[in-house]
Every structure is written in C-alpha cells, then in structure tokens.
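Dear colleague,

I am handing over the structure we spoke about, and I would be glad if you kept it open while you read the notes that follow.

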Amino acid sequence: DGALAVAARVIAGFRTDPPRTATLATFRSPDGSPIDRGLYTVFPAPASYTGEDLVELSCHGRLAVPAQLLAALHAAGARPASPGEFTRRAVLNGKLDLVQAEAVGDLIDATAPAQARVALHQLEGGLSRRLAALREQLVDLQAMLGYAIDFPEEDDGPIPAERIAGGLDAAGAQVDALIATAPSGTRLREGALVVLAGPPNTGKSSLFNALLGHERTLVTDV
C-alpha cells in the first residue's frame, strides 16, 4: 500500500500519467542528493501484476547505485517483499489462479527450454481453461440432476437417466485424461536421474558432453 506516495518521495517530478510508459527522471536520497538518472514506470490498479498500484524503477547496475536506491526507498516507507509475495498478492486479488501461480514458480525454476515452454503454457491459462471447462460440465450436470429431483412432473418429462450418465462418463474421461498427464508433467518438471556407467576410457564423459552440446566434463585423448 502507498506505492505511489513512496515513489513520489524518491523520484524527482514523479507523476502517474501516462501509465505503463517509461519516464526518465532523477532518483534522490532522503536528503535530496541525486542517486541516479533512470527510468520509472507506473502501473495503476487494477492493471498491474498484483492488481494494486505498482511502480517499477530501473537504475544502473553493480553495487553502489542499487544499494543507495533501495536505502532511499526504505527510508521513504517501502520494505522488501517476502519470497513470492507479488505472486501471492496477484492470487489474492484475482489476477492469477493457483495453477498459474504454480506455473510462475516452475518458470523461475526451469533449467531446460522444454520446462520453460510447459510452464509458460500453464501460466497463460492452458490448464486453467481445461479445468474451467470441466467445472462447467459438472455444474450443468448438477443443474440437470436438481431439475429432475425438484420438478419430476413437468410437461417435458423427466431428464433421461442415459443423458446424465453419458455426461458423467464424459466428465470422468476428461478427469482420467488429465490425471494421465501427471507423471509426464512431474518428470518434465523435476527431471530424471540418469547414470552413465562403464569401465574407464569407454567414452562416458565424451558421450555426456555430446548430449549437453558443450564441454562440461574433462576429457583427454591420452
């Protein structure tokens, strides 16, 4: 809370318009001395990652400037975020669902392109859309069951049991299909333990390097 007020205490000439546009400005310490000349971008609520007011500051790197800027922000009323706090706030404010939040962690932890692709697909809502469609089917089935119980003597007659059973079978098949992908998803996310075993000088390290595409283990032609 209060991100805009904190930013105004550190950024000379701070303004909220235009939103989502990088603006060049001077960042200042509490005593007014300049720290750096950098960029800031304002993301007004609710059009931000967390759904709250956000301000992003881009400064020059290395050690001194970022440390001074963080100290100035702290003095202005800010605090460091706890691990995953931005994503947690995004979930609480309805910007992400739990499946997408897990995908954020998978994307950060990805060590291979295939892992990153799957995590990004999940972050973009691929799995969430499948679950939402399945939920809609189950809600429709629940509504039909409720209608059949509450209004059994309506002019249209009772809902055929075969129709409800068919809907349940279709939903069950989708659940089974989703569950069937779990082992491959776990393997992709966590990787697999592979052992290259054999006598000395049979090419184990050369094979390992060839699989990686670069010289990771030491080899010698002697």
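In this predicted model, α4 passes α5 in a left-handed crossing. The two helices pack at an angle of about 155°, with their axes 8 Å apart. Any angle over 145 degrees counts as roughly antiparallel, and α4 and α5 are therefore roughly antiparallel to each other. On the side of α4, the residues that meet the other helix are Val-99, Gln-100, Glu-102, Ala-103, Val-104, Asp-106 and Leu-107, while α5 brings Ala-116, Ala-119, Leu-120, Gln-122 and Leu-123. Sorted by class, the residues of this contact of α4 with α5 are eight nonpolar, two polar and two charged.

The crossing in which α6 passes α7 is left-handed. The contact takes in, among others, Leu-127, Leu-131, Leu-134, Leu-138 and Leu-141 of α6, and Ile-164, Leu-168, Ala-171, Val-175 and Leu-178 are among the residues that α7 contributes. The residues of this contact of α6 with α7 divide into 13 nonpolar, three polar and two charged.

Rolling a probe the size of a water molecule over the atoms shows where empty space is left. The largest pocket has a volume of about 950 Å³, and of the 26 residues that line it, Ala-3, Val-55, Ala-78, Arg-79 and Phe-86 are the closest to its centre. The elements that each give two or more residues to this lining are α1 (3-10), β3 (54-58), α2 (64-75) and α3 (85-92), and the largest share, five residues, comes from α2. By class, the lining of the largest pocket holds 16 nonpolar, three polar and seven charged residues.

The second largest pocket has a volume of about 660 Å³, and 23 residues line it, with Val-118, Gln-122, Leu-127, Gly-185 and Arg-189 lying nearest its centre. Which helix gives the largest share of the lining of the second largest pocket? That helix is α8, with six residues. The lining of the second largest pocket is made up of 10 nonpolar, eight polar and five charged residues.

Finally, there are some details of the backbone. Most residues other than glycine have a negative phi, and most peptide bonds are trans. Against that background, please look at the loop between α1 and β1 (23-28), where Pro-18 lies; the peptide bond from Asp-17 to Pro-18 is cis, with omega near -5°. Arg-20 lies in the loop between α1 and β1 as well, and although Arg-20 is not a glycine, its phi is positive, at about 55°. Another cis peptide bond joins Ala-45 and Pro-46, with omega about 0°, and Pro-46 is found in the loop between β2 (34-43) and β3.

With best wishes

How values were computed. Residues are numbered from 1 along each chain as its sequence is written. This is a predicted model: local features need pLDDT of at least 70, side-chain atom pairs count only at pLDDT 80 or more; totals for chains, interfaces and linings use all residues. Side-chain values use heavy atoms; hydrogens and water are left out. On a 1 Å grid over the protein atoms alone, a cavity is a set of points where a 1.4 Å probe fits but cannot get out, and a pocket is an open set with protein on both sides within 12 Å along at least five of seven lines; lining residues have an atom within 4 Å of a point. Grid points are joined across faces, edges and corners, and a volume is the space filled by probe spheres set on the points. Helices (H or I, at least four residues) and strands (E, at least two) are DSSP runs, numbered from the N terminus. Ala, Val, Leu, Ile, Met, Phe, Trp, Tyr, Cys and Pro count as nonpolar, Asp, Glu, Lys and Arg as charged, and the others, Gly among them, as polar. A crossing is left-handed if the near helix is turned anticlockwise from the far one by less than a right angle, and right-handed if clockwise. Contact means heavy atoms within 4.5 Å. Axes are lines fitted to C-alpha atoms, for helices over the stretch in contact, and angles run from 0 to 180 degrees between N-to-C directions. Angles under 35 degrees count as roughly parallel, over 145 as roughly antiparallel, 65 to 115 as roughly perpendicular and the rest as oblique.
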